[in-house]
Amino acid sequence: MTKKTLNRNESEDDFPMDSEPLSYSVKSQKINNFSVHITGDIRDSYYYTRIFDMCLEAGEHDTIDFFIASNGGDLDGLTSMLEGIRLTEANVRAILIGPAHSAASILALNCHDVIVTDSATMLTHNIRTGFGGKIADLEAFTNFSRKISNKLIKDTYEGFLSPLELQEVLHGKELWLDAEEIRERLEARQTHLQAKYESEIASIEPEPVVAPKRSRKKVQE
């Protein structure tokens with residue numbers, strides 16, 4: 001194959017080519033890694049006001065790490081953090097560095113990812129509440145609390161507990177887990193949720209395409 005070269009008597013216009021190498025653009029972006037230590041008992045919702053605000057401020061490229069070593073605690077404080085996790089654009093990880101018991105286990109399992117250290121343990125049981133007053137008021141409060149807590153328990157532990165274990169927990173049984181058992185159940189939950197997602201996608205049938213109806217009217221000339 002003959003390679004053509006540019007002679008002195010030929011114009012460079014006959015050989016269109018860029019005069020400089022191709023350039024590029026770059027966009028700088030700040031990435032934050034927030035660390036929150038949940039140790040001791042989970043307290044009232046006011047205590048976690050700044051944590052909630054942090055969740056709202058975090059961007060989609062940020063990471064929030066909850067380092068958990070807690071025996072559980074207040075439902076309102078837990079709910080405040082759960083709502084922050086639901087509303088944030090960041091990736092939220094639970095890093096279990098000790099006990100994740102009761103409400104702390106619910107916090108951990110509602111994070112996007114869970115990292116289990118060898119010292120981690122978990123206790124699952126139904127939510128406990130305290131209330132005083134007239135019998136009628138107590139009955140109404142109990143029924144309301146049961147409705148709220150049962151939904152939270154079912155949503156949190158789906159796939160992590162077997163159907164039988166879930167029913168036993170809802171009826172008051174306590175379940176203790178070590179680090180290895182937690183890891184195994186997390187893998188089982190991931191498989192369960194993936195299968196559930198694929199089943200839901202497969203159940204969505206595309207709408208049939210209907211051909212437009214042709215008009216029977218004759219065109220008048």
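User: In which sense do strands E5 and E6 pair, and over how many bridges?

Analyst: In this predicted model, where local features need pLDDT of at least 70, side-chain atom pairs count only at pLDDT 80 or more, and totals for chains, interfaces and linings use all residues, strand E5 (residues 121-124) pairs with E6 in the antiparallel sense over four bridges. Strands are DSSP runs of E of at least two residues, numbered from the N terminus, and two of them pair if DSSP finds at least two bridges between them. Opposite Leu-175 in E6 stands Thr-124. Residues are numbered from 1 along each chain as its sequence is written, and side-chain values use heavy atoms, with hydrogens and water left out.

User: How many aromatic pairs does the structure hold?

Analyst: A pair of aromatic rings is described by the distance of the centres and the angle of the planes. The structure holds two such pairs, counted for rings of Phe, Tyr and Trp (its six-membered ring) with centres within 6.5 Å, where planes under 30 degrees apart are stacked, over 60 edge-to-face and the rest tilted. Tyr-47 and Tyr-48 are edge-to-face, at 5.1 Å centre to centre and 85° between the planes, while Tyr-157 and Phe-160 lie 6.4 Å apart by their ring centres with planes at 40°, so that pair is tilted.
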